[in-house]
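Let's take a friendly walk through the interfaces and ligand sites of this model. Have the structure open beside you as you read.

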Amino acid sequence: MTKRIAMAQLTSCWGCDQSLLDLHLGLLEVLPELEIVFWPAVVDFKIKDLESMPDESIHIGLVEGSCRTEDDVRLLNLMRAKSKILVAWGVCSCYGGIQGLANQWELDELVDRKFMKADTVTDPRIPSENVPAFVPQVRPNVDVVKFNILLPGCPPTSKNIVEALAAILTGKPFDLPEKSVCDQCPKVKQDKHITKFHRSHEGRIDPSKCLLDQGYLCLGFATIGFCGAICPTVNSPCKGCFGPVLRVKDHGAKIVSALGAIAEMEPEQLKDSFPDPIGSFYFTDYAASYLSRMRDKARSKKK
Amino acid sequence: MPTGVTNSLTAAGHKATSSQRQKARGEKDFEPRILAFCCNWCSYAGADLAGTSRRQMPPNVRIIRVNCTGRVDPSFILDALNQGADGVLISGCHPGDCHYTSGNLKMKSRFALLQKVLEEAGFEPERIHLQWASAAEGDVFTEGITSMVERIKALGPNPARKD
Amino acid sequence: MTGEKVVRIEPVTRLEGHGDVTIKIGKDGRVKDAQFSVTSTRFFEKFLEGRFAEEAPKFASRICGICPEPHHLAAVKAVEAAWDITPPAPAVKLRRLLINAKQFSSHALHFFALAAPDFLAGPFGDPAKRNLVAITKALPDVSKMALQMMQFGQELAAAIGGTAIHPVTAVPGGMLNPFSEEKRDQFLKRISDVKQWTTSTVALAKKIMDDYVDVVTKLAVGPTYYVGTHSKGALEIYDGSIRIMDTAGEIVEDLKPKDYRKSFAEYVPEHSYATHVYYKPVGYPAGIWRAGSLARINIADKMATPLAHEALEEMRAKLGRPVHATFAYHWARIIELVQAAEEIEGLLKDPQIVNNDVKLLDVKPKKGDGVGCVEAPRGTLIHHYWTDEQGLITKANMIVATNNNIGAIEKSLMEVAKQVFEQKAHQKLKLPKPVIS
Ligand code: SF4
Ligand code: SF4
Ligand code: SF4
Ligand code: FES
């Protein structure tokens with residue numbers, strides 16, 4: 001029996017979608033098991049088709065992206081209502097994604113920069129016809145509706161996606177790994193004596209050794225080990241794009257905690273090494289941080 | 001989540017509860033709610049001393065005793081602010097005196113980064129404060145609390161505070 | 001009731017990005033307005049502020065998961081321009097290989113998943129059959145080949161970028177990871193397949209184009225300006241200068257990317273969160289232009305590689321230059337696919353591609369601004385960053401490839417709407433029997 005599946009995109013980059021397509025020949029094995037009932041990227045179904053389905057008539061609902069507009073919120077709720085198993089597909093869906101970094105600013109500052117002050121804009125105006133209103137801040141989708149499965153990653157690898165689908169199709173539980181990226185990383189780890197942090201473009205990298213040991217801010221220790229250590233394998237420090245290791249509530253706080261313990265330098269020097277801790281410690285999950293939630297509360301209070 | 005926090009509440013915190021529940025109606029009669037993480041070996045003893053010697057101390061503080069400031073996870077501090085604390089005070093042993101050698105120094109580094117994160121997120125870094133007070137320094141502790149309260153009164157309520 | 005009709009398509013499918021279409025038809029049955037609304041945006045311009053500029057390539061790729069490589073590279077080039085850095089030659093070759101790998105997989109994906117279904121099932125066929133999924137059932141060989149082509153491009157991109165979706169290896173001053181000889185050899189082995197796939201795709205495309213010559217030449221044909229990059233007249237996607245062609249096919253401007261603001265302007269529509277990029281000296285809407293494959297093959301005098309150039313000549317013999325017909329995009333894409341395949345082969349065979357000297361060691365941030373321009377599959381892409389002394393981004397401006405086309409999409413939407421709702425032109429078109437029905 002084929003299972004009915006729907007894939008919906010809220011505000012996103014479509015990379016999660018591409019990651020599914022990147023199964024390539026693997027698609028030919030997966031597709032026959034699935035009856036696609038909604039997938040705007042590939043199939044001509046419309047929102048009204050989704051609306052007309054009975055509740056819980058979709059076996060698997062994958063939601064990519066996060067809510068930046070009221071339409072996104074509507075589609076998210078619709079997907080929840082129609083799906084039996086709802087999957088937070090990618091880090092946008094789980095933790096807000098990179099666009100959560102916009103929560104550092106007020107909506108009018110964002111809109112102003114984009115539509116009124118952009119260098120090449122010749123006739124500034126804020127679009128208002130046939131477009132949904134923006135929501136004041138990006139929230140993790142899991143704060144809006146209940147999800148059955150979290151599938152973090154930016155994007156989750158094709159392998160991650162197929163493993164999750166296989167588990168759902170066979171009725172097995174799908175558990176996220178307890179491991180961190182460091183546990184998956186091939187680099188040789190030694191004692192840490194970090195007396196200075198290097199920026200990712202600086203100096204000569206020893207490809208055999210742990211990047212953090214060499215003084216690069218590699219966030220593998222704080223990040224869920226699900227990608228197979230993609231970045232450190234190619235000498236690029238992990239930016240934490242899959243979100244925190246299991247049960248860590250605040251990715252940045254975990255990183256601050258570790259840096260305070262391992263950096264052999266004066267606190268002021270440590271602080272000066274990271275002029276943008278939010279961008280450095282909360283690459284794709286700022287919306288899920290305590291600080292962003294605080295700002296969210298402060299905003300709702302102002303209104 | 002790391003443990004190491006004992007949720008006991010005595011000493012300087014004991015008189016605080018009733019006034020704490022009062023709503024901060026306006027900036028004028030704003031009574032800050034401050035959470036203090038005190039190291040068991042020095043500051044907590046100092047706080048105790050301050051309490052038993054009945055020094056005047058603002059009643060706005062709740063104290064959580066920890067084994068060492070090195071065990072105060074940055075997420076506890078952020079969580080406290082998110083739950084509406086107007087300020088968070090961390091009080092530990094003087095450098096060199098930490099029972100676990102360097103817990104307080106780790107805290108100092110974390111604290112520097114945390115202040116920076118708060119600032120970038122649009123909150124006053126002064127909402128969190130780190131001080132050193134030994135077991136014998138009940139007065140230093142009290143003074144720390146008093147000036148913390150002053151500082152937070154000047155800042156006004158935590159914008160994320162619900163009431 | 002006025003008898004006016006509003007047709008709304010929500011969302012527009014088989015298009016990456018969030019789009020709705022609204023067509024307003026008056027009482028008299030005339031199409032009054034056709035709007036294409038992009039219904040969300042993420043404010044990258046703002047939240048890039050304050051970040052380490054060397055990390056911009058990792059931030060920027062997240063603008064688009066379908067084409068992250070061009071964003072990754074436009075971002076790194078912008079920072080290099082701001083900091084006055086010239087990366088070593090082997091690093092530039094790796095980047096060229098990366099962007100061509102994406103061009104190859106993207107064009108294969110676009111042709112098979114987004115365009116071919118219309119032609120194979122017929123543009124007015126059953127929606128349930130007009131998609132890649134249906135094609136995998138009806139034409140297993142074609143879909144297998146398509147998937148293998150995409151796979152080759154994506155795997156090559158991953159070999160260089162660490163991962164194909166959101167590559168991570170480009171930093172100001174070069175690349176973080178050299179290409180190993182073993183890996184190079186693995187891809188070289190597959191080159192004969194690549195050539196074979198490319199040849200079959202060209203043959204298939206030609207057949208479709210011949211069958212649908214009526215659709216190609218009669219539906220959605222509107223002259224616009226064109227923008228794209230070239231190097232000495234040859235189509236170039238990593239490091240070209242910008243050419244602008246007018247509706248009559250004259251090259252009206254040839255400029256360095258750093259001067260883009262002289263010619264590029266963004267019109268903010270009332271009804272869309274995506275701006276319409278247009279040719280500034282002429283104004284809006286007269287200066288609406290198109291970018292991407294068709295624009296590039298229009299502005300270029302020639303292709304950079306021999307087989308691709310042959311294919312271009314063949315197209316020009318049939319349709320001339322410039323080609324305005326929107327459906328000719330599909331053909332143009334195939335010509336570019338051929339060039340990408342040839343470029344990939346050349347780069348893989350270049351001994352420098354496995355050189356370890358891929359990164360400068362003494363890169364210093366400085367205050368300044370820089371423009372990075374590449375061609376994404378859907379058009380000219382520009383990132384412009386300002387940085388402070390520490391190398392933090394203070395301001396960012398981006399011309400996103402797709403936005404070059406939205407003005408024209410709307411224009412051609414209007415035309416198609418008129419043809420469909422007023423003249424019922426689609427019923428008069430000569431259409432071949434669908435391959436899948
Ligand atoms: S999780 Fe990453 S890849 Fe997926 S939509 Fe969000 S930004 Fe794109
Ligand atoms: S810190 Fe980075 S380089 Fe080091 S082991 Fe962890 S993931 Fe690997
Ligand atoms: S290594 Fe880190 S940044 Fe890279 S893909 Fe994995 S989680 Fe993301
Ligand atoms: S024991 Fe007091 S701070 Fe460590």
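Which residue of chain A meets the side chain of Arg261(C) in a salt bridge? It is Asp119(A), with an N to O distance of 3.3 Å. Please keep in mind throughout that this is a predicted model.

## Chain A with chain C

That salt bridge belongs to a set of nine counted between chain A and chain C. The two chains also share 35 residue pairs in polar contact, both residues of each pair being at pLDDT 80 or more. Sorted by class, the side holds 42 nonpolar, 22 polar and 19 charged residues.

In terms of area, chain A and chain C bury about 7600 Å², and carbon and sulfur atoms give 59% of this. Within chain A, the residues that lose the most area to chain C are Thr120(A), Arg199(A) and His201(A), together 9% of what that side buries. The contact draws on 83 residues of chain A and 90 residues of chain C.

## Chain A with chain B

Chain A also touches chain B, through 31 residues of chain A and 28 residues of chain B. How many salt bridges does the rule find across the interface of chain A and chain B? The number is zero. Four helices of chain A each give at least two residues to the side that touches chain B: H10 (251–262), H11 (267–273), H12 (277–281) and H13 (290–302). The largest share, eight residues, comes from H13(A). The chain A side is made up of 18 nonpolar, four polar and nine charged residues.

## Domains inside the chains

Next come the contacts within single chains. Chain A is divided into domain 1 (3–100 + 129–170) and domain 2 (181–294), and the C-alpha centres of these two domains are 29 Å apart. Their contact takes 17 residues from domain 1 of chain A and 14 residues from domain 2 of chain A. One salt bridge is found across this domain interface. Arg293(A) and Asp143(A) also pair in a salt bridge, with their closest N and O atoms 2.6 Å apart. Three residue pairs in polar contact are counted between the two domains of chain A, both residues at pLDDT 80 or more. The side of domain 1 of chain A that touches domain 2 of chain A has ten nonpolar, six polar and one charged residues.

For chain C, the assignment gives domain 1 (5–38) and domain 2 (44–428). Here the C-alpha centres lie 26 Å apart, and the contact involves 16 residues from domain 1 of chain C and 20 residues from domain 2 of chain C. Between these domains the count of salt bridges is zero, while four residue pairs are in polar contact (both at pLDDT 80 or more). Strand S2 (19–25) and strand S3 (31–38) of chain C are the elements that give two or more residues to the domain 1 side. S3(C) gives the most, with eight residues.

| Interface | Buried area | Share on carbon and sulfur atoms |
|---|---|---|
| Chain A and chain C | about 7600 Å² | 59% |
| Chain A and chain B | about 2700 Å² | 67% |
| Domain 1 of chain C and domain 2 of chain C | about 1600 Å² | 62% |
| Domain 1 of chain A and domain 2 of chain A | about 1200 Å² | 65% |

## The ligand sites

Why is the site of ligand 1 shared between chains? Residues from chains A and C surround ligand 1, so the site belongs to both. Of the 13 residues around ligand 1, those that come nearest are Cys13(A), Cys16(A), Val91(A), Cys92(A) and Cys154(A). Helix H1 (15–21) and helix H5 (91–95) of chain A are the elements that give two or more residues to this shell. The shell around ligand 1 has six nonpolar, five polar and two charged residues.

Ligand 2 is surrounded by residues of chain A, among them Cys182(A), Cys185(A), Cys210(A), Cys218(A) and Lys189(A). The shell around ligand 2 divides into eight nonpolar, one polar and one charged.

Key:
Residues are numbered from 1 along each chain as its sequence is written. Chains are lettered from A and ligands numbered from 1 in the order in which they are written. This is a predicted model: local features need pLDDT of at least 70, side-chain atom pairs count only at pLDDT 80 or more; totals for chains, interfaces and linings use all residues. Side-chain values use heavy atoms; hydrogens and water are left out. Contact means heavy atoms within 4.5 Å. Buried area is the accessible area (1.4 Å probe) that two parts lose on being put together, summed over both. A salt bridge is a side-chain nitrogen of Lys or Arg within 4 Å of a carboxyl oxygen of Asp or Glu. Ala, Val, Leu, Ile, Met, Phe, Trp, Tyr, Cys and Pro count as nonpolar, Asp, Glu, Lys and Arg as charged, and the others, Gly among them, as polar. Domain bounds come from an automatic or database domain assignment. A polar contact is a pair of N or O atoms within 3.5 Å; within protein, one must be able to donate a hydrogen and the other to accept it, and residues adjacent in sequence count only if both atoms are side-chain atoms. A residue is near a molecule or strand if one of its heavy atoms lies within 4 Å of it.
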